[in-house]
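Visitor: Hi! Could you walk me through this one, starting with the pocket?

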There are 2 protein chains.
Amino acid sequence: MPPPSGVSPEPTADADTGADSVAIGKLYAVLLAGEYSAFYRLIDESRMAPDVPSRIAIARMAASEIRHFDTLAEQVSARGLDPVAAVERYRPIFDQYHQVTTPKTWYEALIKAYVGDGLAADFYNQLSGVLPAEAQSVVAEVMSQTASSEFAREQVSQAVAREPRLKSPLTLWGRRLLGEAVTHTQWVLAAEEEVTDLLFSGAATLAGMTTFFDVIAEKHAERMRDLGLG
Amino acid sequence: MPPPSGVSPEPTADADTGADSVAIGKLYAVLLAGEYSAFYRLIDESRMAPDVPSRIAIARMAASEIRHFDTLAEQVSARGLDPVAAVERYRPIFDQYHQVTTPKTWYEALIKAYVGDGLAADFYNQLSGVLPAEAQSVVAEVMSQTASSEFAREQVSQAVAREPRLKSPLTLWGRRLLGEAVTHTQWVLAAEEEVTDLLFSGAATLAGMTTFFDVIAEKHAERMRDLGLG
């Protein structure tokens, strides 16, 4: 897949244009597009929800995506970038991720919501050390695990305990989600050098990235065990 | 249409069961189901949105429905009622309203969002006098007009100014929305005597209801003029 194109959200002249500030603005712009894309996909994928409590839980997760979106949009604007241009520039890569990971059952949808939420939290935990203090609190807020995703964990682990034949296909599904998430993250990093430099600074970039994705994979394996999978 | 049926959200023994408290609990239960139904419909109807700013505005309106939903769910639970039972009991009447008012164009969807938001605000303004102080603040919060609906007003009034041929069909559409909203509100009131007594108390019920719906119609006409219609 080619790097994202479109109207580049370049900062305007009066914004703080330090190298880190530009990179942080781009990081926020990427996360902003991710929240936008996640909101609409989550609602789409909730069509399979079997009952009212499930649909309430999904609606709450979706509402928290929009709260995160608003926080990021404010930060993006404060850096002289246009939130709409940011969404238009980066959403194709998220839409592409969602397209290749369209769930076929309600349990697949729940695992996707849970895994996505968890990967975002891991991503933040690993990166918080390299971000300036102010950016840490913004990213912590928008990447923290939502209470609603616990709902997904309970439903899936109970279903797998009840119907062991679900275990093998859902384990494969979880592995696929991780693979696609890593691939798509790497595409973004390849296209946005400043963001890569910010997150994996200096000569240790490649080694740093390898460790980063190794830790992500370990955390994912723990999470799959929590679901009763893998 | 028959009155709503299903699991009745009757209060449990340990809740405050004063007559007003029961009626307020039922009023909240009805509004709760309305927010739930509105959230999913709004997202469905946003499929016609032509661009990213429109989809952002709709997502924000939807997120505020969920904030309102959470406020009401807390109040419903505090009165010993089950929010899920409340949604299951009353959502058919809202789903029915949405089904007979499914927009066919993006402008119809915008007018529906704007009119629905405005009717909720009018409903509250007229009723606040008869509610106990504590209930006034809850209802004020969940029925207040959202900032995002201003977005709808601007888009529609500009479109009508630009394309005058839109005016006549969109005016008819606005009239239809009002008619269906009034009819469906009357169905709820007919089915829930305690709520009707709370809102239009005593001997003056029928006269009070007539005045109520007259004021709603006047406010609606003002709102249509704001949109450049009627």
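Visitor: Which element gives the largest share of the lining of the largest pocket?

Guide: That is α1(A), with 5 residues. Keep in mind that this is a predicted model.

Visitor: Okay, and which elements give two or more residues to that lining?

Guide: Those are α1 (19-45) and α3 (83-100) of chain A.

Visitor: Which residues line the pocket, then?

Guide: From chain A there are Tyr36(A), Ser37(A), Tyr40(A), Arg41(A), Asp44(A), Arg91(A) and Asp95(A).

Visitor: How do they divide into nonpolar, polar and charged?

Guide: The lining has 6 charged residues, 3 nonpolar and 2 polar.

Visitor: And what volume does the largest pocket have?

Guide: About 170 Å³.

Visitor: Let's switch to the two chains. How many residues are in contact?

Guide: On the chain B side there are 24, and they touch 24 residues of chain A.

Visitor: How much area do the chains bury between them?

Guide: About 2100 Å², and carbon and sulfur atoms account for 66% of that. On the chain B side, the residues losing the most area to chain A are Tyr40(B), Val52(B) and Arg55(B), which together make up 27% of what that side buries.

Visitor: Which helix of chain B gives the most to the side that touches chain A?

Guide: α2(B) does, with 13 residues. Each of α1 (19-45), α2 (52-78) and α3 (83-100) of chain B supplies at least two residues there. By class, that side of chain B has 16 nonpolar, 7 charged and 1 polar.

Visitor: Back to salt bridges: how many are there over all chains?

Guide: A search of the whole structure finds 25. Among them is a pair within chain A, where the side chains of Glu192(A) and Lys26(A) meet at 3.3 Å, N to O.

Note on methods: Residues are numbered from 1 along each chain as its sequence is written. Chains are lettered from A and ligands numbered from 1 in the order in which they are written. This is a predicted model: local features need pLDDT of at least 70, side-chain atom pairs count only at pLDDT 80 or more; totals for chains, interfaces and linings use all residues. Side-chain values use heavy atoms; hydrogens and water are left out. Contact means heavy atoms within 4.5 Å. Buried area is the accessible area (1.4 Å probe) that two parts lose on being put together, summed over both. Helices (H or I, at least four residues) and strands (E, at least two) are DSSP runs, numbered from the N terminus. Ala, Val, Leu, Ile, Met, Phe, Trp, Tyr, Cys and Pro count as nonpolar, Asp, Glu, Lys and Arg as charged, and the others, Gly among them, as polar. On a 1 Å grid over the protein atoms alone, a cavity is a set of points where a 1.4 Å probe fits but cannot get out, and a pocket is an open set with protein on both sides within 12 Å along at least five of seven lines; lining residues have an atom within 4 Å of a point. Grid points are joined across faces, edges and corners, and a volume is the space filled by probe spheres set on the points. A salt bridge is a side-chain nitrogen of Lys or Arg within 4 Å of a carboxyl oxygen of Asp or Glu.
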